[in-house]
Amino acid sequence: MPALTRGESQLSAYEVEETRKIANVRIHVERVIGLVRRKYQILQSRAVPIEHMPTKPVEALALIDKIGVICCALSNLSVSVVPLE
């Protein structure tokens, strides 16, 4: 999705280039999110047990958030899906 044109008919050359860079990064981010969701079965369920939700206001992260952080950390230790140039 291109940046807002702010009432102008076209984006400037700089804005076009920035939009392309963002789109390129977004593709890789979406691929990695999909990889993490497919790789770890605990993240494949659409229903989250109530026990995984925060119950106390003093808790910094709910259990499901902690699980997501650990899955992402393990994924970061794996081989990259983004080709190194």
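Mentor: A residue is called buried under 20% relative accessible area, exposed over 50%, and partly exposed in between, using a 1.4 Å probe and protein chains only. This is a predicted model, in which local features need pLDDT of at least 70 and side-chain atom pairs count only at pLDDT 80 or more, while totals for chains, interfaces and linings use all residues. Residues are numbered from 1 along each chain as its sequence is written, and side-chain values use heavy atoms, with hydrogens and water left out.

Trainee: Which residue forms a salt bridge with E18?

Mentor: Side chains of opposite charge can pair when their charged atoms come close. The structure holds one salt bridge (a side-chain nitrogen of Lys or Arg within 4 Å of a carboxyl oxygen of Asp or Glu), and K21 forms it with E18, the closest N and O atoms being 3.8 Å apart. Both residues lie in helix α1 (residues 13–39), three residues apart, about one turn of the helix; helices are DSSP runs of H or I with at least four residues, numbered from the N terminus.

Trainee: Are K21 and E18 buried or exposed?

Mentor: K21 is partly exposed because its relative accessible area is 46%, and E18 is likewise partly exposed, at 27%.

Trainee: Where is S75 placed, and what does S75 touch?

Mentor: S75 lies in helix α2 (residues 63–76), and it counts as buried because its relative accessibility is 8%. Leaving aside residues up to four places away in sequence, S75 touches L35, V36 and Y40, where contact means heavy atoms within 4.5 Å.

How values were computed: Helix = DSSP H or I, 4+ residues; strand = E, 2+ residues; numbered from the N terminus.
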